[in-house]
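User: I am new to reading protein models, and I would like to learn how to describe what I see. Could we go through some features together, with the general idea before each case?

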Amino acid sequence: MQSILVAVALTGLVGGFALQFMGMPFPSRLLWGGATVPILAVLLVTAGNSLFRGDFGLDLIAVLSMTVALVFGETLAANVVALMYAGGQMLEVFASGRAAKEMTALLGRVPQRAIRYCGDQLEDVPISSLVPGDRLLIRQGEVIPVDGTIVSGSALLDQSALTGESLPVERRPADEVLSGSSSLGRAFDMQVLRPAAESTYAGIVRLVEAAQKSKAPMARLADRYAIVFLLLTIGLSVAAWLLSGEPRRALAVLVVATPCPLILAVPIALVSGLSRSARIGVLIKGGDVLEALSRVRVAVLDKTGTLTFGSAEIVEIRAVSWVSDSELLRLAASLDQASNHVMAAALVAAAGKRGLRLSSPSNVREEAGAGLEGLVEGKRVVIGGSGYVAANSNEGDPRSFRADVKPGQMVVAVAIDGIVAGIIVMADQVRTDASTAVARFREAGITEIILATGDRLDVASVISDGLGIDQVLADLMPEQKVGTVLAARRSGPVMMVGDGVNDAPALASADVGVAMGARGAAASSEAAGVVLLVDKLTPLAQAIAIAHRTLAIARQSVIAGLGLSLAAMFLAAFGYLPPVQGALLQEIIDLAVILNAMRALR
């Protein structure tokens, strides 16, 4: 639509000058006026709709300037204003689209259908009909429709639309895959974990839609200033006319005030900041959250899944001389396949990462919370806590292997054929980027960092050691984390970072709640204002810096644009700026404001 209006105004302008050049001044004025009318008609509808919604926008100034120009017979000025207005609208649409590119790309990738197994047959079904347990075929180039686990084959996935990471990732059987990822490799089968409405990508789409509809406090403030500017413009134009007796001065004031940087700079800068953050895997729910993020001075961090990876990894294997470390792990993981305990799953996953071939266990007997025993390749294997393994062995004591085991590390003891064979030491590892992230939080203006965890104090102290944490609070219940957030407000606006359902109340009570959402949708993601789509902390520090820069650019654009517009209006009021030149100057100001606001994308 905008391009058609620009073409109409430009054709009228060029055609009028051609007629003027051929010595036909009256037809040229008619053509300029005629080319203005369609733009004015569209503008009247737009302004009328705005007024109906109670939005007293600055489109009214454009209506007044074109109408007054036509009434006074200044058809060239009216045509130039029409062209400048239509061109400005087209430029604004382009800038907004460019600013929202990453967010719009997320919405455009939503899959609608999936290939599901029905017995030995394949059927094409809408993703809304998928339920947990369904088996899907994912072909090369397809976007994964729902969260699931790989059951056959391996997957090479492009997660850049979700996380901003350019390198593809490989996933193997039993690994979870997130909806919204693209399959780059051969076809594979996956089992549905969550319905489409509860999957990661659906949650992201809801967050993006909410972000696009939101309005930041700064944008609302700009709207209020716009009303003041509208009244100032009308008052100045009337005063210029009455005091000078020249109606062209009133017209010049109206023309040079069309449109205003207030309605361009703030929204384009904020959307640019939101889009820039989405590009690095940080989804901010709206301009209000972006603005709040720029003011954060205190960070409250959860431990498990935030400063740590949230899953146990093997730290060390201590085995007797007659069995190798890899064999001890292989036999233990083979038996653990029969258990659904979280530590068992971690041990099986660790064996898989090391490429160990696991055997099927038999005659398994499990004592909940203590350990299990069974036969693996004809050998009687017992695994579990030190006490359980000692009580179910004939020789050796697992406690003799436990020297120097640190707080927070977990021990899985193993016995083979009645003899204690060693222990496997496991721990939730500190994120590799945790120290860097904390340092960058400081650089981004955060003055106090608090570790708040439900874990024991000795474990939390070991995790926080060397990270530069100001305060460690341990043994906290979910409601106590809320109290921690509220108490931290004494030092300034608070950002709470966590994952898991137990963090949701604290995330909701913070000025900015940040959820580690890379492993799927959760209550924490719904309660948070910011969702990290990457399993890292450093992008969050980048997002805080982006928020600071975005708000600074928005303010610069408003101050500079308003200053230039007001200066031009006073020049026009005193007769130093004719209407046509004023329209051209205002377009240059608007262009400068838009380009400056788009710097937030870089």
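User: Which residues of helix 9 meet helix 21?

Analyst: A contact means heavy atoms within 4.5 Å, and helices (H or I, at least four residues) and strands (E, at least two) are DSSP runs, numbered from the N terminus. Here R249, A252, V253 and V256 in helix 9 meet S565, A568, M569, A572 and A573 in helix 21. This is a predicted model, in which local features need pLDDT of at least 70 and side-chain atom pairs count only at pLDDT 80 or more, while totals for chains, interfaces and linings use all residues. Residues are numbered from 1 along each chain as its sequence is written, and side-chain values use heavy atoms, with hydrogens and water left out.

User: At what angle do the axes of helix 9 and helix 21 cross?

Analyst: Two packed helices are described by the angle between their axes and the distance between the axes. Axes are lines fitted to C-alpha atoms, for helices over the stretch in contact, and angles run from 0 to 180 degrees between N-to-C directions. Angles under 35 degrees count as roughly parallel, over 145 as roughly antiparallel, 65 to 115 as roughly perpendicular and the rest as oblique. The axes of helix 9 and helix 21 come within 8 Å and cross at roughly 170°, and the two helices are therefore roughly antiparallel to each other.

User: How do helix 9 and helix 22 pack, and which residues meet there?

Analyst: Helix 9 (residues 247-256) and helix 22 (residues 579-597) pack at an angle of about 10°, and their axes are 8 Å apart. That makes helix 9 roughly parallel to helix 22. On the helix 9 side R248, L251, A252, V255 and V256 take part, and they meet P579, G582, A583 and Q586 in helix 22.

User: How far does helix 21 reach from its first C-alpha to its last?

Analyst: The expected span of a helix is 1.5 Å times one less than its number of residues. Helix 21 has 36 residues and reaches 52 Å, which is close to the 52 Å expected. After helix 21 comes G575, whose phi is positive, near 85°.

User: How many residues does the largest nonpolar core have?

Analyst: A nonpolar core is a set of buried Ala, Val, Leu, Ile, Met, Phe, Trp, Tyr and Cys residues joined through side-chain atoms within 4.5 Å. The largest one has 62 residues, and those with the most contacts inside it are L293, L307, F441 and M495. Helix 21 (residues 538-573) gives the largest share of this core, 13 residues. Apart from it lies another core, of 36 residues, among them L329, A350, V381 and I383.

User: How many residues of helix 13 are buried?

Analyst: Nine of the 12 residues of helix 13 are buried, so it is largely enclosed by the rest of the structure. The buried residues include L328, L329 and S334.

User: What lies around S334?

Analyst: S334 is at 0% relative accessibility and counts as buried. Not counting residues up to four places away in sequence, S334 touches L358, S359, P361 and V376. A polar atom of the S334 side chain lies 3.0 Å from the backbone nitrogen of S359.

Conventions:
Buried < 20%, exposed > 50% of the residue type's maximum accessible area, 1.4 Å probe, protein only. Polar contact = N/O pair within 3.5 Å; in protein donor to acceptor, adjacent residues only side chain to side chain.
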